[in-house]
Amino acid sequence: MTGGRSSVRSVRFPAAYGTPGGPESLLPWTWVETRIRAASNYWITTVGPDARPHARPVDGVWVEGALCVGGSPESRWVRNLMANPSISAHLSSEAEAIILEGTAEYVTDPSHSLAAPSAAASKAKYPQYFSGTEAPFRPFWAVRPTTAFAWTLEGFPRGATRWRFE
C-alpha cells in the first residue's frame with residue numbers, strides 16, 4: 001500500500017473468542033490486496049444524517065492503495081459521504097473477513113493522481129459501463145484506509161490481523 005504501514009498486529013477480541021496467535025500467524029497485506037483487487041463489488045457503510053448506518057454494495061476498483069467507487073449524487077450513500085466522509089468497506093465472503101475503515105475523498109479533478117488509473121481500471125473491470133475506446137473521467141470517491149482488518153474463519157481467531165496506516 002502506498003504511504004506505508006505504521007503498525008501491524010493481532011486484532012483484539014474478547015478472551016472467549018480464543019487465542020489469536022503470535023506474529024507468525026498474521027496475514028500479509030498482499031493477501032488482502034489480492035482479494036480487494038479481485039472483488040466484483042464492495043459493501044460500504046456510510047453514516048446518514050440521522051446518525052444511522054447505511055450499507056450498500058457498490059462497484060469499485062483498487063488502485064494505488066485506494067478503493068475507488070463512484071455513484072450518483074442522488075443516491076443516499078453519496079449524499080451521506082458529502083455530509084460525513086467516514087466510511088467502512090468490506091468484501092462479501094462467508095469464509096474471509098476484509099474490512100477497510102477510513103475517510104472518503106471526493107475526486108472531481110481529472111488531473112488527480114488517481115483519476116487516470118481509476119478510469120483505466122474501471123473500464124477493464126466493468127467494460128459494460130463504457131462505450132468506445134476512451135474511459136472518460138467521472139467524479140468518484142477514493143478511500144485510502146486508515147485501519148484495515150482481515151481474518152479467515154478457518155482457525156479463527158488465529159491470524160486475525162489489524163493494520164493502522166499513516
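Buried means under 20% relative accessible area, exposed over 50%, and partly exposed in between, with a 1.4 Å probe and protein chains only. Helices (H or I, at least four residues) and strands (E, at least two) are DSSP runs, numbered from the N terminus. The model is predicted: local features need pLDDT of at least 70, side-chain atom pairs count only at pLDDT 80 or more, and totals for chains, interfaces and linings use all residues. Residues are numbered from 1 along each chain as its sequence is written, and side-chain values use heavy atoms, with hydrogens and water left out.

1. Helix 3 (residues 115-125) has A115, S118, A119, S122 and K123 as its buried residues. Viewed down the axis of helix 3, these fall within an arc of 130° (taken from the directions from the helix axis to the C-beta atoms), so they line one face of the helix. The face turned away from this buried side carries the exposed residues A116 and A124.

2. Against which elements do the buried residues of helix 3 pack? They pack against strand 4 (60-63), strand 5 and strand 8, where contact means heavy atoms within 4.5 Å.

3. Strand 8 also pairs with strand 9, in the antiparallel sense and over four bridges; two strands pair if DSSP finds at least two bridges between them. A148 has W163 in strand 9 as its bridge partner. Strand 9 (residues 161-165) is mostly covered, with four of its five residues buried.

4. W163 also belongs to a cluster in which ring pairs link W29, W62, W163 and F165. Rings of Phe, Tyr and Trp (its six-membered ring) pair if their centres lie within 6.5 Å; planes under 30 degrees apart count as stacked, over 60 as edge-to-face and the rest as tilted.

5. The structure holds nine aromatic pairs. One of them joins F13 and W151 edge-to-face, at 5.3 Å centre to centre and with 85° between the planes. This pair links distant parts of the chain, 138 residues apart: F13 is in the loop between strand 1 (5-10) and helix 1 (29-38), and W151 in strand 8 (residues 140-152). F13 counts as partly exposed because its relative accessibility is 25%, whereas W151, at 15%, counts as buried.

6. S75 is found in the loop between strand 5 (66-69) and helix 2 (76-83). Is S75 buried or exposed? Its relative accessibility is 19%, so S75 counts as buried. A polar atom of the S75 side chain lies 2.8 Å from the backbone oxygen of S72.

Terms used:
A polar contact is a pair of N or O atoms within 3.5 Å; within protein, one must be able to donate a hydrogen and the other to accept it, and residues adjacent in sequence count only if both atoms are side-chain atoms.
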